Amino acid sequence: MTDIVATNETILVVGGGISGMTAAIEAAECGKDVILVEKAPSLGGRVSQLYKYFPKLCFPTCGLEINQRRMKANKNLHILTLSEVTNIAGDSGNFTATVKTAPRYVNENCTACGACGDAVTAEVDNPFNYNLDKIKAAYLPHNMAHPQRYVIDPSIIGTDEAEKAKTACKYDAIDLDMQETTMDLNVGAIVWATGWKPYDAAKIQPYGYDRFDNVITSVEFERMMDAFGPTGGKLLRPSDGKEAKNIAFIQCAGSRDRNHLTHCSRICCMASLKQTTYLTEQYGDDEEAKASIYYIDIRAIDRFEDFYQKVQDDPKVSFIKSKVANITLDEESGNPVLHGVDTEGYHRYSNPHDLVVLAIGMTPNVDISEIASGVSTDSSGFIQVNVDNGGIFAAGCASNALDVNRSVQSATAATLHSIQVVNKVSAAEA
Amino acid sequence: MRDKNAETMQKYHNDFLREVEANVEEGDWVHMCMQCGVCAGSCPLGDAWEHSPQKIFMMIRAGKREEVLTSDSMWMCTSCYNCIVRCPRELPITHIMHGLANYAHRLGIAPKMNPTRRFAKLFWNNIVKTGRVNELKLSISLYFMDGFTNGVKTSLEMTGMGLGMLKTGRLDAMGLLRSHGIKDKSGLHKALKKAREIEDARKGLS
Ligand SMILES: Cc1cc2nc3c(=O)[nH]c(=O)nc-3n(C[C@H](O)[C@H](O)[C@H](O)COP(=O)(O)OP(=O)(O)OC[C@H]3O[C@@H](n4cnc5c(N)ncnc54)[C@H](O)[C@@H]3O)c2cc1C
Ligand code: SF4
Ligand code: SF4
């Protein structure tokens, strides 16, 4: 990594999700020097973990592919994976960012042939599938991983397994002596795009995410639909592997709740509406396939009202205006039973379902105050637009709970701001 | 006797929400309810009473004054606090329910024969006398609330518990003759009188 040259005319982009990729590509295509730092072994962020994305219901692979091609074609862009920015000092036009890089144990020679993966037997939790299944300890993070390069999990370093992987590699790509490195980069402007994470569902005690196998989160549901996901693309419920047909979606799971997240996570209504279409995809017009959405009010943001209407017209989908009070388990069937009172008529219900999907809220991935001082955040920790933030500009879900469309818009805005900063630096130095 | 109920009705011109906000303990929280239904679904007695907190709050906003204040639902609240801990808007629901009950009682329109209301009255009259509860007198007045025959029946049913309380010193066998009151009883009475005056002035009941 010693070949990195950074100056105060360089733009540092932190986080390689859809927002960070967009910012990095756009700045680089404008001729700026860009360093993109991503914590995971590959780029793509949470969009790459979606099965399909609204509103057009296309697979994320197509959007990612375009971005990857633009990245490969650009010489101004330098990507650091398995890397984290741990500290930012200095001011707009002259920052020092400390970057810590974890060892991948695999170098640029890797062709992603997969021989190392075949050679090892040890398995580790697979974070790409939210740890719902296991993956070999020598692995490609996912099919669309960029860079297309394997990773050796640190847990097998120093064991025979690691040696097996090394021996199997025909390209001399495995380097078991790699160490963690830390370096300081001098940069002019920073785009902060570290995104979001799902709220910890176990904290919503009455819903029993930690007690009931058949209560899962919306992000896990996305992975189930993927042919390379933990259930091979089938909606099989965790407790007994039975096909889940009668599925409940609980909105505002953790959001709009002063006991959890006070903000509306904004995308989860659309996410659940989208996920009801997965039922049609799986079961056609099988009459047993039913989606029930329990909601306070449906917030189909922006111009997505038509999407909402289409879902309302689907006879498979019913809407229950009620925030579910609690969930119990019917031991015999393994069905979670939802209890509550609906607001349209105040009817008390106890409804069993095969599977419950919590439309989980979004919370910022990183607490920026631990890394840079003086950056303004709202009460939920999202970075606010504020001139006092100086040369640090938030993009995507680091700035708010946003869908892909709005994330990309905010990334473009952050790019323009950061270009202005480095242009000022160059003007001063000219 | 003056009709406090009619007076307040006139004062608030049927804007019941405003009346509740002004006169009911924690009543200014009512407009914060977003009708999600969590409280209604969380109440362990939920299906036993007619008006869940969710319903009561909507009825207040809809100006259903008579139905709310004469409802016996808020008298059924056992203060389990399930609704309070779950309400996404942190409404102090339990306190509002008790506040409404108390307000209806003060206006003289609370359901007369509601057992919780009657017990609350017995308890209050008992404790303010000496500053401490006289358990024996309280139990007897409670058991005999519905007449002599019922009283004897209930007393017999409760003998076991009474003996247990005697043994552990929770009940004074001589309670009918003496009360372990506090030292400054007249001080207590003065304080309570003052508190009532302040409350009445605030609620326009004086
Ligand atoms: C269930 C669900 C379904 C959704 N479906 C849709 C949909 O159909 N359509 C749609 O438009 N939107 C959808 N969304 C929203 C979408 O996921 C977000 O808009 C999108 O992920 C935002 O991208 P981002 O780049 O801002 O953040 P992220 O995708 O979170 O990317 C952030 C990146 O930063 C990296 N990172 C984190 N910390 C650090 C660090 N310290 N240093 C370096 N890198 C770091 C992460 O590894 C990650 O790669 C859905 C969301 C949910 C919850
Ligand atoms: S988008 Fe919908 S589900 Fe998500 S927090 Fe907002 S209202 Fe609730
Ligand atoms: S839980 Fe709170 S917000 Fe929801 S209906 Fe009850 S009082 Fe209203």
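This is a predicted model: local features need pLDDT of at least 70, side-chain atom pairs count only at pLDDT 80 or more; totals for chains, interfaces and linings use all residues.
Now let us step back to the whole chain. Chain A contains 8 helices and 22 strands. Its C-alpha atoms fill a box of roughly 70 × 55 × 35 Å along the principal axes. For 430 residues, a compact globule would have a radius of gyration near 22 Å, so the 23 Å of chain A agrees with that expectation. Of the contacts in chain A between residues at least 6 apart in sequence, 68% link residues at least 24 apart. Buried residues account for 57% of the 430 residues. Chain A exposes about 18,500 Å², and carbon and sulfur atoms supply 48% of that area.

Two residues are worth a visit, and the table gives their accessibility.

| Residue | Relative accessible area | Class |
|---|---|---|
| Tyr209(A) | 25% | partly exposed |
| Ser83(A) | 1% | buried |

Where does Tyr209(A) lie? Look in the loop of chain A between strand 12 (196–198) and strand 13 (215–217). Tyr209(A) is partly exposed because its relative accessible area of 25% falls between the cut-offs of 20% and 50%. Setting aside neighbours within four places in sequence, Tyr209(A) is in contact with Ala201(A), Ala202(A), Val215(A), Ile216(A), Thr217(A), Glu220(A) and Leu358(A). With Glu220(A) there is also a polar contact, side chain to side chain, at 2.5 Å. Further along the sequence is Ile327(A): 118 residues separate it from Tyr209(A), yet their C-alpha atoms are 9.4 Å apart in space.

Ser83(A) belongs to strand 4 (residues 83–91) of chain A. Is this residue buried or exposed? Ser83(A) counts as buried because its relative accessibility is 1%, and the cut-off for buried is under 20%.

Definitions and conventions:
Residues are numbered from 1 along each chain as its sequence is written. Chains are lettered from A and ligands numbered from 1 in the order in which they are written. Side-chain values use heavy atoms; hydrogens and water are left out. Helices (H or I, at least four residues) and strands (E, at least two) are DSSP runs, numbered from the N terminus. The radius of gyration is taken over C-alpha atoms; the globule rule is 2.2 Å times the number of residues to the power 0.38. Buried means under 20% relative accessible area, exposed over 50%, partly exposed in between (1.4 Å probe, protein chains only). Contact means heavy atoms within 4.5 Å. Accessible areas come from the Shrake-Rupley method with a 1.4 Å probe; for residues, only the protein chains shown count as cover. A polar contact is a pair of N or O atoms within 3.5 Å; within protein, one must be able to donate a hydrogen and the other to accept it, and residues adjacent in sequence count only if both atoms are side-chain atoms.
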